[in-house]
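Subject: Structure for your files

Hello,

Here is the structure you asked for. My notes on what was found in it follow below.

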Amino acid sequence: VSTRFMTLHWFPRREGEDGAPRIGLAVPKSVGSAVVRNRLKRQLREAWRELADRAAPGRDYVLAARPGIAEPAAARGHAWIVEQVSETLGKAGA
């Protein structure tokens with residue numbers, strides 16, 4: 001699923017592999033410099049920790065940031081990022 005600022009892909013794990021959902025983050029160079037990308041990854045990881053209970057267990061997720069997310073993330077802060085990740089998870093039906 002895609003939103004304005006991110007895309008979420010999910011994959012079922014192999015049979016017999018249950019457990020907490022895992023996340024992989026993809027933040028391309030088009031988002032910004034290395035400092036900006038690493039800051040955004042930290043913020044996305046923290047937002048995922050808060051919302052992980054809403055994700056289906058036994059799946060692996062890849063959250064890909066899209067260009068244009070860095071500026072509003074810096075200006076609006078953590079609550080906005082949590083809202084964006086929550087919206088994306090909601091669209092995924094997770």
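**The sheet**

T7 stands opposite A64 in strand 3. This is a predicted model, in which local features need pLDDT of at least 70 and side-chain atom pairs count only at pLDDT 80 or more, while totals for chains, interfaces and linings use all residues. Residues are numbered from 1 along each chain as its sequence is written, and side-chain values use heavy atoms, with hydrogens and water left out.

Strand 1 and strand 3 run antiparallel and are joined by seven bridges. Strand 2 and strand 3 (residues 59-65) run parallel, with five bridges between them. Two strands count as paired if DSSP finds at least two bridges between them.

The three strands form an open sheet in the order 1-3-2, with mixed pairing. Strand 1 (6-12) and strand 2 (22-26) stand at the edges with a single partner strand each, so one side of each has no neighbour in the sheet. From one strand to the next, the twist averages 20 degrees.

**The whole chain**

The protein has three helices and three strands, in the order β-β-α-β-α-α from the N terminus. Helices (H or I, at least four residues) and strands (E, at least two) are DSSP runs, numbered from the N terminus. The radius of gyration is 13 Å, close to the 12 Å that the globule rule gives for 94 residues, so the protein is as compact as a globular protein of that length. That radius is taken over C-alpha atoms, and the globule rule is 2.2 Å times the number of residues to the power 0.38.

**The helices**

Helix 1 lies across strand 1, strand 2 and strand 3, at about 155 degrees to strand 2. Helix 3 lies across strand 1 and strand 3, at about 45 degrees to strand 1. Axes are lines fitted to C-alpha atoms, for helices over the stretch in contact, and angles run from 0 to 180 degrees between N-to-C directions.

How do helix 1 and helix 3 cross? The axes of helix 1 (residues 34-51) and helix 3 (residues 78-92) come within 9 Å and cross at roughly 60 degrees. The contact (heavy atoms within 4.5 Å) is made by L40, Q43, L44, E46, A47, W48, E50 and L51 of helix 1 and by H78, I81, V82, V85, S86 and L89 of helix 3. Its residues divide into nine nonpolar, three polar and two charged; Ala, Val, Leu, Ile, Met, Phe, Trp, Tyr, Cys and Pro count as nonpolar, Asp, Glu, Lys and Arg as charged, and the others, Gly among them, as polar.

Regards
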